[in-house]
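Hi,

Here is the structure I promised to pass on. Have a look at it first, and my notes follow below.

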Amino acid sequence: MFVTVFGQKGGVAKTCTSVHLASIWSNQYQSVVLVDADRNRSASAYGARGLLNFEVAPIEAAAKATRYSDVVVTDGQASSSQEEIKNLVDGADVIILPTAAQTRSLELTLEMAEHLKQFNVPFAALLVKVDSRKAKAAREIRQALEAAGIEVLRAQIPLLAAFEKAENAGVTVDQAVSAAGKSDPRRMIGWHAYTKACEEIVELVPQRTNVIPMHPIGWDTTPLEDRRAA
Ligand SMILES: Nc1ncnc2c1ncn2[C@@H]1O[C@H](COP(=O)(O)OP(=O)(O)O)[C@@H](O)[C@H]1O
Ligand SMILES: [Mg+2]
């Protein structure tokens, strides 16, 4: 399964999303690799302490690193070049567009969706950095995306300081610890949100390209054949 996280530049949580999808799937599949396709190499920096439960490979090393992978998550770099977009799409079974609950981010996702509609690859927006005090703004962004015919994952990722704490420590949000050394009280809210997103993303992947998890947890464990027959 090839999942590409992609879209706008500038801190819309592409890398954070890639890292968390890869980490959650690493608990379910035998081999997961995160391909860092961003020139800024932020996914590689995130994993530099060696504390993540999957390998991060720079794009130049991706071919060999992903040879035996069940799941490849690509942290794509923002692009408006038609050719780059086409290449990223060609390499993906599903594309995830992180989108913040802000007008500018909405516009950029709408624009990218127009490009992506010409290809035969499923894509979906994921609302990220959703401020719980601004639930209405998130609802409006979701409605605007849906009105434009764009699939939006039901899961949405809350804005939590735990994500930044986790990144600074080179770990995923479930292991976020405060400066005082205490577990962040809200860390599992972030983790569960990405877990839900993972479940929905797997459902978007055309079944012929899907692989059965080695260690399925918390989701449909019916063998693929039986699911197809159902
Ligand atoms: N849900 C979130 N809540 C709070 N901070 C977040 C969240 N997601 C990401 N961040 C932080 O936002 C910053 C930008 O995220 P990043 O994933 O690097 O964005 P991008 O890859 O799109 O440039 C990072 O400091 C990251 O820790
Ligand atoms: Mg990034």
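Before the notes, one cut-off you'll need: a residue is buried if 20 or more other C-beta atoms lie within 10 Å of its own, exposed if 12 or fewer, and partly exposed in between. Keep in mind, too, that this is a predicted model.

So where does that put A45? This residue sits in helix α2, which covers residues 42-46. A45 has 14 C-beta neighbours inside 10 Å, so it counts as partly exposed.

Next, the ligand. Ligand 1 is surrounded by 16 residues, and the closest are G11, A13, K14, T15 and C16. Helix α1, strand β6 (123-130) and helix α7 (161-169) are the elements that give two or more residues to this shell. By type, the shell around ligand 1 splits into eight nonpolar, four polar and four charged residues.

Helix α1 turns up again in a helix pair. How do α1 and α8 cross? The axes of α1 (residues 14-26) and α8 (residues 187-204) come within 9 Å, crossing at roughly 75 degrees. Angles of 65 to 115 degrees count as roughly perpendicular, so that is how α1 lies to α8. On the α1 side, the contact is made by H20, L21, I24 and W25, which meet Y194, T195 and C198 of α8. Sorted by type, the residues of this contact are five nonpolar, two polar and no charged.

Cheers

Terms used:
Residues are numbered from 1 along each chain as its sequence is written. Chains are lettered from A and ligands numbered from 1 in the order in which they are written. This is a predicted model: local features need pLDDT of at least 70, side-chain atom pairs count only at pLDDT 80 or more; totals for chains, interfaces and linings use all residues. Axes are lines fitted to C-alpha atoms, for helices over the stretch in contact, and angles run from 0 to 180 degrees between N-to-C directions. Helices (H or I, at least four residues) and strands (E, at least two) are DSSP runs, numbered from the N terminus. Angles under 35 degrees count as roughly parallel, over 145 as roughly antiparallel, 65 to 115 as roughly perpendicular and the rest as oblique. Two residues are in contact if their C-beta atoms, placed from the backbone, lie within 7 Å. Ala, Val, Leu, Ile, Met, Phe, Trp, Tyr, Cys and Pro count as nonpolar, Asp, Glu, Lys and Arg as charged, and the others, Gly among them, as polar. A residue is near a molecule or strand if its C-beta atom, placed from the backbone, lies within 6 Å of it.
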